[in-house]
Amino acid sequence: MYTTAFLDLPPLLDASGAVRLPGSKSISNRVLLLAGLCAGTTRVHDLLASDDTRVMLDALRTLGCDIRQVHEGRNDVLEITGLAGTPQVKEAQLFMGNAGTAIRPLTATLALLSATQGGTYELRGVPRMHERPIGDLVEALRPLGCHIECLGNEGYPPLKLAGGSLNLTAPIKVRGDVSSQFLTALLLALPLVSDRHDLVIEVVGELISKPYIEITLNLLARFGIAVRREGWERFVIPQGSRYQSPGEIHIEADASSASYFIATGAIAGQGHPVRIEGVGLDSIQGDIRFVEAARLMGAQVTGGPNWLEIQRGAWPLKAIDLDCNHIPDAAMTLAVMALYAEGTTRLRNIASWRVKETDRIAAMACELRKLGAVVEEGHDFITVTPPATGAWQHASIHTYDDHRMAMCFSLAAFHPLAPTVPAGQTVSVRIEDPRCVAKTFPDYFEALFQVARTEPRLIPVITIDGPSASGKGTLASALAARLGYQFLDSGALYRITALLALGRGVPHDHEAGLVALARQLGHEIPLRFEGEHVWLDGADVSAELRQEEVGQTASKISALPGVRQALVEQQVAFRRLPGLVADGRDMGTVIFPDAGLKVFLTASVAERAERRHKQLISKGFSVTLDEICSDLEARDARDKQRTASPMVPAADARLLDNSHLSIDESVELVLGWWTDGWPHVVAPQA
């Protein structure tokens, strides 16, 4: 998962391949609550691991559920031993984050339990949660005899649930035209108090998001609750209903998350399809009907019980006018797909967008306009007309701590394919706070980069060069972490070759033998980088690579033209999405001459010797400063005088004397250069 402040998405040109989606948030949190209310143990497979499910799991643990994670092969199974309808804890403060699928059903559940069994519970969340209305649910519960206090503004969290005396003889009325989650909350909770007679829920107003109620009813049936539905206005919970564990239950992959990859295939699946695994055309989730909308816009979609395949069909995409009440979450994806359509797309009956993680109608309109689109918004609709030819704009997309905003707008990175983008023109799409996708799809961007394709020249590169012991490796790895980019320690490739040569008895001046070893890296000799660790032929050789003998040998073999050429392909292959920070000699002059930013470090020999001395002493080596100074001066002379790629700054490199700068100060300085250069450093033109 990307935890950076922002993520720059390079221009993307094609998409193909397979992606497996995480479990559905809507199903996951419903299953967790139902399992928690049951007697006995429920084994939950393929649970979504996200912020929202962690909130629900934390609440269930606080209330007394026994929850264990069991490793079975490559999969994890969650074993939940439920409360049998009786919390073990009678007083608790529960943090709900920004999870509507947690706070609403827990409010109904704990209000009823508090009124019948006693206990006091407070439910709080992040500031945005305290702006999301829950008054319609509260007003449905108070007439039943539940004591509920809004601790801030009336009708909004935080809430205090403190006892009461239930009267369930009259039908329970709840509004259905703001959020279907209020009805879902009552359906999930009321079986707890159905011991005396049938319980009737009557929906006031037109029920929105009906497919989500179908999910609720389907899962209740799996847990032994057979709700009778009379149209969409009346629901009856039979007397004596009891939650019964199904024993084992599998979470279907998230159909809302599938919408981003359906859109990806519709926009960029030009030769081969994008395949989605984990959800199919027979899904119980309402958002699977996004497939119908995508087909209306021109996508070619095929599928089976647990898979979908999507390719581009009509191009440009077709503008549509659609009532989106049945797919409120997935409909956001249509708004960004509209950038690739011919004409104006109108999405209607989406008033629920305004009470989600953010006001999604306002947020969507604002960010689409940044890209150059013409947008009209109303109380319950939005219209989107693509940017005029040549009018696409660089955009830093504010995500409002809303996972769906981040995922939807990632599709704008395919803009070079848009009919209104002239050939060769690119813009930069920056996603602010990419970590917000953790709410439902923590590895979303990794999954996107798994299927997306682009030209290497469009992938941004920062190069860090400089003399030995100047701190270029430390600076480069820190920059890569801050930007979410790949990291190439080119010196490690030379040290790996040197380590192999020392281990296999190949002299440092035997060029042919060294070239043969270098060409085997990543092929006959497996090689992979994992953070600060380097795995060579199945062994972690990170410590061995830091040995002084290995470093000295690497310096010597790096002067051999054949070795340098053999490792060029290895280095170039590191230029992968979403970007690269490359550390080492020749990075800005030979390997990546088109890098958007080149930095050359110029720390003094004395300062570099001091740093190296501290490093070696900390590792237990006995060496003097004079010896290190002499060695560094010799290395500098050798590197500057070699005939093959002498160590000199690239003509367009920025010089950084970090003699008196900490690593954090150096990182902030270079990040400032990169930010000042946005968007051009990440959006080269043809």
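I began with a helix pair: Arg360, Ala363, Met364, Glu367, Leu368 and Leu371 in H10 meet His403, Arg404, Met405 and Phe409 in H11. Contact here means heavy atoms within 4.5 Å. Helices (H or I, at least four residues) and strands (E, at least two) are DSSP runs, numbered from the N terminus. I sorted the residues of this contact: six are nonpolar, one is polar and three are charged. I counted Ala, Val, Leu, Ile, Met, Phe, Trp, Tyr, Cys and Pro as nonpolar, Asp, Glu, Lys and Arg as charged, and the others, Gly among them, as polar.

I noted that this is a predicted model, where local features need pLDDT of at least 70, side-chain atom pairs count only at pLDDT 80 or more, and totals for chains, interfaces and linings use all residues. Residues are numbered from 1 along each chain as its sequence is written, and side-chain values use heavy atoms, with hydrogens and water left out.

**How H10 and H11 cross**

I looked up the axes of H10 (residues 360–371) and H11 (residues 403–410): they come within 11 Å and cross at roughly 30 degrees. Axes are lines fitted to C-alpha atoms, for helices over the stretch in contact, and angles run from 0 to 180 degrees between N-to-C directions. H10 and H11 are therefore roughly parallel. Angles under 35 degrees count as roughly parallel, over 145 as roughly antiparallel, 65 to 115 as roughly perpendicular and the rest as oblique.

**H14 and H18**

Next I took H14 (residues 490–504) and H18 (residues 561–572), whose axes come within 11 Å and cross at roughly 125 degrees. This pair is therefore oblique. On the H14 side I found Ser490, Leu493, Tyr494 and Thr497; on the H18 side, Val563, Arg564, Leu567, Gln570 and Gln571. Four of these contact residues are nonpolar, four polar and one charged.

**Domains 1 and 2**

I read the domain assignment, whose bounds are automatic or from a database. Domain 1 covers 6–22 + 253–454, and domain 2 covers 25–250. Their centres, over C-alpha atoms, are 31 Å apart. I found 24 residues of domain 1 in contact with 23 of domain 2. The two bury about 1900 Å² between them, 48% of it on carbon and sulfur atoms. Buried area is the accessible area (1.4 Å probe) that two parts lose on being put together, summed over both. Ile284, Val355 and Lys439 supply 31% of what domain 1 buries against domain 2, more than any other three residues.

I saw a cis peptide bond from Trp315 to Pro316, omega near 0 degrees. Pro316 sits in the loop between E18 (307–311) and E19 (317–318).
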